[in-house]
Amino acid sequence: MSKNDFILKAESIYKSYRMGATAVEVLKGVDFGVEKGEFVAIVGTSGSGKSTLLHILGALDRPDKGVVAFAGRDLSRYSSGELNRFRNKTVGFVFQFYHLLDELNVLENVFLPTMVSKGIFGWFACRGWAKNRARELLGQLGLGERANHKPYQLSGGERQRVAIGRALMNEPSVLLADEPTGNLDSATGNGILKVFEELNRAGQTIVMVSHDERVAQRAGRIVTLADGKIRRA
Amino acid sequence: MYKIILATRYLLKRRIAYFAVLAVALCVFIVVVVMTVLTGLVSDLKQKNHRFAGDCVVGTESQVGFVYYDFMKILDREEFVEATSPVIKSYALVSPSWTEQSLGLEIMGIEPVRHSKATGFGKTLYHHRDDVSKAFEPVYEPNLMGCVLGIDVGHRLGSTLAPERNSKGRYSYSSRLDETSVSVSCVPLTAKGALAKAGLGLVNTRSFYYSDYSHSGLARVDSSMIYLPFEEAQMLCGMDGPIKRASAIHIKFKPDVKLEAGCERVASLWRSFRQEKADQMYADLLEKVTVQSWKGYRRAFIAAMEKEQTMMTAMFALVGITTVFIVFVVSYMIISHKSKDIGILKSIGVSNTNVLLLFLGFSFFVGLLGSAIGTVGGWRFLVHINEIEGWLYDKFDYQPLWDRTIFAIDEIPNTIDYKVLGVIILSAIAACLAGALLPCRQAAKQKPVETLQVSQL
């Protein structure tokens, strides 16, 4: 596989956290790449640094050392505005605990990324399109009837599907999922994984983090993170 | 747009935000009410002082007075001057005819028609308001020499028919005046300041009959002033010699003349006049004469009230600091509860600045809503403040603000000054923003990976 085939690539990533007086090294020179249209699962035990790697890939965190590049461009060279746009348009996050805004209804949660990317006038200009797009996504995710519900009125699986809808709203190049089924029962989790499979079949690049090998099996490729390094890629 | 939506939702759906709104509303309510009443009192006091003094006063504190006539003629020729009025001011011993006890009072000698053109004197009269020329003609006997008493002087002199002031601050006038006289005794002085009647009993005394009451609304004036005909007062004070003197010239400017500009022109004319008269007899009398606007002339009376207003404003600034602290605490609590939201927003591309603006927007809405509630509440309260006070008095015999039988205040001022209101609202919003600034900055600096960690949820 040549270097240019990766849409998102991490090279020699190091990351440590301070826990009291001691520094805990979480990532110790991780090399990782995702090709366009791939569905990759990163597995590892709890505390192995899977989520940290995902956050670094999605520019939510910075590595202490190493390079993360999207489409060949080093993320460390992005300005803060470019990083915000990267998080808004290029990647979409799905978290284990859904992380929906309680004050917004389902539809508003889904079109929030588009609203964030526009000013007041820009939003008024595209609001019809955004609402239709959000409804369409909710329809595809089986939540067409839930658009006006509040997150607390939904089940865990439904909330996770809303989170997926929000992540897909701006048609990101890469979907980053952090233990998306970790808080769901197996049947509901299976439904979420089916959604991911369908999205991947439609061409969506997905990087999923899971501690569960069975969940990871649903991905096209599995990489294992252990002792701060990728075991096999 | 999301900032407005989220800020309003945080405001409406968080009960703790209501406390912040309530605190701001309460603060605005108190400030609006107190500042309106206080500003009304100051404004009323200024208006009454303006009415009493005219626009500008050329005068001296010296009991000798100054040579006024030529300068008054100069002023009367000026196109910016509408009216002038010479005034004699002095102190006198006043005794009613039925007793030998005397009272020390101020006398003011005026030409009623001229003085009414230069000041608001005519409007302060009761019996002769429509025909000021007869101000010194007692209605019961026009040929007698009359005097106008400050409205509260009558009682001090023991007049049984003097107007009574009721609990609501209104005077009830008798249909007739007390047909008794007062004798007024002054110590006349020469132009050199010496006793004019040394060895001759020292004083000039004349009797005057009550011809009217003057209600200027100024406590000190109304309780200690007797207005006399100009020539009589001039004679009593010894200012009627070959070179006639007066204590002051009260001036009214044409309506389009600005106060400062008018006073400056009068001052300039006065300087020229003084230079012209420098080598003449009694030129030294002109040295102590000052040209003052009505504000300067009545400063001693206005300044105390203005000082009180400044002190109240400073005290309310302290109330404002309390509001800032309340908003700080509420913002801090809300932001602490919303750290997950901050992480979510940052994960979908919201910048630090926009997180800051979102929570500042929340504080802005707290300030705006609190101000709106406080303003409406304050306005409604002010509209009914006199009714409320009247009701309290009628029901419980309780007059919370001023005992009208003592203080020269009629109704509680309740006209809202929109400039002051604007300042109060803007200050409340600014206080909210100031209180929220620190927590908002902390919110903006939060790292999404920390706020979205499972252990943080």
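In chain B of this predicted model, contacts between residues at least 6 apart in sequence were examined, and 80% of them join residues at least 24 apart. Chain B contains 16 helices and 13 strands. Of its 457 residues, 42% are buried. The C-alpha trace of chain B spans about 105 × 60 × 35 Å along its principal axes. Its radius of gyration is 31 Å, whereas a compact globule of 457 residues would have one near 23 Å.

Nonpolar side chains tend to be buried together in soluble globular proteins. Here, the largest nonpolar core holds 119 residues. The members that touch the most others are A:Leu53, A:Val207, B:Val24 and B:Val366. Helix H2 of chain B, residues 15–53, gives the most to this core, with 13 residues. A second core is separate and has 65 residues, including B:Val57, B:Phe121, B:Phe136 and B:Ile249.

The surroundings of A:Leu53 were then listed, leaving out residues up to four places away in sequence. A:Leu53 touches A:Ile13, A:Leu27, A:Val30, A:Phe32, A:Ile42 and A:Leu225.

In chain A, helix H3 (residues 106–117) packs against helix H4 (residues 120–140), with axes that come within 9 Å. The axes cross at roughly 130°. From H3(A), the contacting residues are A:Val106, A:Leu107, A:Val110, A:Phe111, A:Thr114 and A:Met115. In H4(A), they meet residues including A:Trp123, A:Cys126, A:Ala130, A:Lys131 and A:Leu138.

How values were computed:
Residues numbered from 1 in each chain as written. Chains lettered and ligands numbered in written order. Predicted model: local features only at pLDDT ≥ 70, side-chain atom pairs only at ≥ 80, totals over all residues. Core = buried A, V, L, I, M, F, W, Y, C linked by C-beta atoms within 7 Å. Buried ≥ 20, exposed ≤ 12 C-beta atoms within 10 Å, placed from the backbone. Helix = DSSP H or I, 4+ residues; strand = E, 2+ residues; numbered from the N terminus. Contact = placed C-beta atoms within 7 Å. Rg over C-alpha atoms; globule rule 2.2 N^0.38 Å. Axes fitted to C-alpha atoms, helices over the stretch in contact; angles between N-to-C directions.
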